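Open your viewer and get ready to select residues by number. We will go from stop to stop, and at each one you will hear what to pick and what is there.

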Amino acid sequence: MIRILVVEDEKPISDLLDMSLTSAGYTCDCVFTGIEAADAVNSRRYDLILLDVMLPGIDGFELMEYLAPMEIPVIFITARSAVKDRIKGLKLGADDYITKPFEIAELLARVETVLRRYHKTESRITVGDVVVDTQSRVVTRGGEPVQLTAKEYNLLILFLQNKNIALFRETIYERVWENDYMGDSRTVDLHVQRLRKKLGWQERIAAVYKVGYRLEVHDE
């Protein structure tokens, strides 16, 4: 199980990250100061750290200098968007730098990218009778192979990375098609319908009124 440490002193943001990461299938611990973070990494192994810069006492940049020798992947999450701050964070050894406010879907995608870079992602994802092998890109349903197009597979991975989170149609389009959303939802809707049918997920991929879709996964 992938374990992530969230170091964020604003509790509403910490709670949001905790809920989103847990819904996506990660195990999450939350601390609120740099000292607590240092204690946490010395008592437990983490696969990734989400680190705020502006922390009480020891700030994120100072803490990063302490964390660097441990070689734990770090993503900075901060309201400090100046280029010099981004450069400083990356030069200190961070793997990514996300500025607030951020979209949860983008955050989860960046988390997945960093974990994949360090070969820490789960290679098999199981939801009901559907199994996805992310290394071979093979999808089975009830033990039988499911033939998906490249776009359908990418759509499936996006839903799996954002389990129980409502995704806007524009977010889905921009992530899967890697183009700006122009307001036509038919392409997204058609691919969702095909994916539902192929996986038997007519009820599991729920339509969210005036938003888009949500993959509902509970107690798998």
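Two strands count as paired if DSSP finds at least two bridges between them. Strands and helices here are DSSP runs, numbered from the N terminus: a helix (H or I) has at least four residues and a strand (E) at least two.

Before we start, note that this is a predicted model, so local features need pLDDT of at least 70 and side-chain atom pairs count only at pLDDT 80 or more, while totals for chains, interfaces and linings use all residues. Residues are numbered from 1 along each chain as its sequence is written, and side-chain values use heavy atoms, with hydrogens and water left out.

**Stop 1: a parallel pair**

Select strand S3 (residues 48-51) and strand S4 (residues 74-78). The two run parallel and are joined by three bridges. Ile49 stands opposite Val74 in S4.

Now stay on S4. How many of its five residues are buried? Five of the five are, where buried means under 20% relative accessible area, exposed means over 50%, and partly exposed is in between (1.4 Å probe, protein chains only). Val74, Phe76 and Thr78 point one way, and Ile75 and Ile77 point the other way. In a regular strand, side chains alternate between the two faces of the sheet.

Step back to Glu71, in the loop between helix H3 (60-67) and S4. Its phi is near 60 degrees, a positive value in a residue other than glycine. Glu71 is exposed, with a relative accessible area of 66%.

**Stop 2: a helix with a buried side**

Select helix H2 (residues 34-43). Gly34, Ala37, Ala38, Ala40 and Val41 are buried here. They cover an arc of only 160 degrees around the axis, which puts them on the same side of H2; the arc is that of the directions from the helix axis to the C-beta atoms. The face turned away from this side carries the exposed residues Asn42 and Ser43.

**Stop 3: two cysteines**

Select Cys28 and Cys30. Cys28 is buried at 14% relative accessible area, whereas Cys30 counts as partly exposed at 25%.

**Stop 4: a cis peptide bond**

Select Lys100 and Pro101. A cis peptide bond joins them, with omega about -5 degrees. Pro101 lies in the loop between strand S5 (96-99) and H5.

**Stop 5: an open sheet**

Three strands form an open antiparallel sheet in the order S10-S12-S11. Its edge strands, S10 (167-168) and S11 (205-208), each pair on one side only. Zoom in on S11 and strand S12 (residues 212-215), which pair over four bridges; the bridge partner of Ala206 is Arg214 in S12.

**Stop 6: the largest pocket**

Finish with Glu112, Arg116, Ile125, Ile157 and Gln161, which among the 31 lining residues lie nearest the centre of the largest pocket. On a 1 Å grid over the protein atoms alone, a pocket is an open set of points where a 1.4 Å probe fits, with protein on both sides within 12 Å along at least five of seven lines; lining residues have an atom within 4 Å of a point. Helix H5 (104-117), strand S6 (124-127), helix H6 (150-161) and helix H7 (169-176) each supply at least two residues of the lining.
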